[in-house]
Amino acid sequence: MLWQILKRNKKETKAITIKKERGNSIKSTIKPFLIFFILFMLSVLAFLSINLFRHEEIAIFLRGFMVFVIFGIYKFISSASFFEVNEEGIKKGRLFYTYDEILRVDLYAMIKGRFFLLSMPEEGIIIYLKNGKTISFKENYNTNFWKIRWFLDQKFHQGKDVSDFSLQTDYQHIEATHKSLPIPISAKIIRVLLIISITVFVISLIDLAFFGFLKVPEFILLSLLSSFLLLITSSNSAYFERTDEHLIIKSVYLPFKKVIPINHINSITKKYENKTILFEIHTIYHKKIKVSMMNSKMKREEDSINKIKELNIAFHNFT
């Protein structure tokens, strides 16, 4: 009996410790699109490597293209801002800086950057150290970049104790209490086609790498068709649901959702962009989330707007 009590108390203490560590630390999360981009570039590299031995007549061209792809992957990884902030300090890559080393923080700065040979300044954060050096974080690579802005603003501009820092970051367990219109059968059919297209792409890549039953033009054609179908079904297909305290973004075709607390939302605007209805959700610390819908989905669009108005979120219609 005593052993069971001690064991239960140990579990409870461990759970509290884990909860505290998770609540007092923010780690960067890379955008899913960029992960897909890296995987795609690696697939291209594998494709070029295989054909380097099969097509000696264009070996020079293939080698040059491979160098270009490798350089692109290197530049992306080297310029990405992978970070972690916690009670002790800030970590960027393998380097760690305590808060005592920091002189000041510029939360909204333009950082020098390059895309291959082109100069492309990017928005981000610059941290000035007391030794004269600077640390920079670029905004375009992470989905939760606003959180580090929130944290550094609390610490350096508002003077709050970091030990009091707490921010819930995982809302995926929240389910909608006010649902949208039912998903049509046609959308469910497209879901099946999407699974088939991805399966075809993976099988084609495996065949090209190990077996060689498919010819190169067939592989390219199947890859293009799969990618084209993926782009069509994953875009222009969003809608809104809600709880009393959260706005939920869902996709008609993909099993993904994004949950945003309403106290994180400043306003929402609606406008047309390339014949597509675009909702821009402006959240705290300059984070902007774009949600697109097809023009033909008028009922779903009206229902989504009603969900926004029911939550008393500032809504601006520019259409």
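1. The buried residues of helix 4 are Phe145, Trp146, Lys147, Ile148, Arg149, Trp150, Phe151, Leu152, Asp153 and Gln154. Here buried means under 20% relative accessible area, with exposed over 50% and partly exposed in between (1.4 Å probe, protein chains only). Helices (H or I, at least four residues) and strands (E, at least two) are DSSP runs, numbered from the N terminus.

2. The model is predicted: local features need pLDDT of at least 70, side-chain atom pairs count only at pLDDT 80 or more, and totals for chains, interfaces and linings use all residues. Residues are numbered from 1 along each chain as its sequence is written, and side-chain values use heavy atoms, with hydrogens and water left out.

3. Because 10 of its 13 residues are buried, helix 4 is largely enclosed by the rest of the structure. Its buried residues are covered by elements including strand 2 (83-85), strand 5 (102-111) and strand 8 (122-129).

4. Helix 4 (residues 145-157) should span 18 Å at 1.5 Å a residue, and the 17 Å between its end C-alpha atoms agrees. The expected span is 1.5 Å times one less than the number of residues.

5. Ile268 has Ile281 of strand 14 as its bridge partner. The two strands form a hairpin with two residues between them, and Asn274 in the turn has a positive phi of about 55 degrees.

6. Strand 13 also runs parallel to strand 16 (residues 315-317), joined to it by three bridges. In strand 16, His316 is the bridge partner of Thr269.

Conventions:
Two strands pair if DSSP finds at least two bridges between them. Contact means heavy atoms within 4.5 Å.
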